[in-house]
Amino acid sequence: MPWSWRYEGADGKPVTGPAETFGSQADAESWIGQTWRDLAGAGVTTVVLAEDDRVEYRMPLAPAGE
């Protein structure tokens, strides 16, 4: 089952982002660890990790303390 990220803006609504898919949760998390700053700079405030249609978790992109 493929893993992917969904992207949300400050208002909680979906925003457009890279349509990457991954073979494992670890691959998806590694990728977001490398690209979160670019996504945040493009207006993404929250990412949602999903396996097919099942949400694993959501995570804010603001650095700790902000």
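What share of the contacts in the protein between residues at least 6 apart in sequence join residues at least 24 apart? The share is 49%, where contact means heavy atoms within 4.5 Å.

## Basis

This is a predicted model, in which local features need pLDDT of at least 70 and side-chain atom pairs count only at pLDDT 80 or more, while totals for chains, interfaces and linings use all residues. Residues are numbered from 1 along each chain as its sequence is written, and side-chain values use heavy atoms, with hydrogens and water left out.

## Overall fold

The protein contains 1 helix and 4 strands, arranged along the sequence as β-β-α-β-β. Its radius of gyration is 11 Å, close to the 11 Å that the globule rule gives for 66 residues, so the protein is as compact as a globular protein of that length. The radius is taken over C-alpha atoms, and the globule rule is 2.2 Å times the number of residues to the power 0.38. Helices (H or I, at least four residues) and strands (E, at least two) are DSSP runs, numbered from the N terminus.

The C-alpha trace spans about 35 × 20 × 20 Å along its principal axes. Of the 66 residues, 32% are buried; buried means under 20% relative accessible area, exposed over 50%, and partly exposed in between, with a 1.4 Å probe and protein chains only. The accessible surface comes to about 4200 Å², and carbon and sulfur atoms account for 52% of that surface. Areas come from the Shrake-Rupley method with a 1.4 Å probe; for residues, only the protein chains shown count as cover.

## Helix 1

Helix 1 covers residues 25-41, and at 1.5 Å a residue its 17 residues should span 24 Å, which agrees with the 24 Å between its end C-alpha atoms. The expected span is 1.5 Å times one less than the number of residues. A kink of about 60 degrees is centred on Thr35, the bend being the angle between axes fitted to the seven residues ending at a residue and the seven starting there. After the helix comes Gly43, with a positive phi near 100 degrees.

The buried residues of helix 1 are Ala28, Trp31, Ile32, Thr35, Trp36 and Leu39. They pack against strand 1, strand 2, strand 3 (46-51) and strand 4 (54-60). An α-helix has 3.6 residues a turn, so residues three or four places apart point the same way.

Glu8 lies in strand 1 and counts as buried because its relative accessibility is 14%. Its side chain is joined to that of Arg58 by a polar contact of 2.3 Å. Such a contact is a pair of N or O atoms within 3.5 Å; within protein, one must be able to donate a hydrogen and the other to accept it, and residues adjacent in sequence count only if both atoms are side-chain atoms. Not counting residues up to four places away in sequence, Glu8 touches residues including Lys13, Pro14, Gly43, Val48 and Arg58.

Pro14 sits in the loop between strand 1 and strand 2 and, at 72% relative accessibility, is exposed. Apart from neighbours within four places in sequence, Pro14 is in contact with Tyr7 and Glu8.

## Glu20

Glu20 belongs to the loop between strand 1 (3-8) and strand 2 (21-22). Its relative accessible area of 37% makes Glu20 partly exposed. Beyond its neighbours within four places in sequence, Glu20 contacts Trp3, Ser4 and Trp31. Glu20 and Trp31 are 11 residues apart in sequence and 9.3 Å apart in space, C-alpha to C-alpha.
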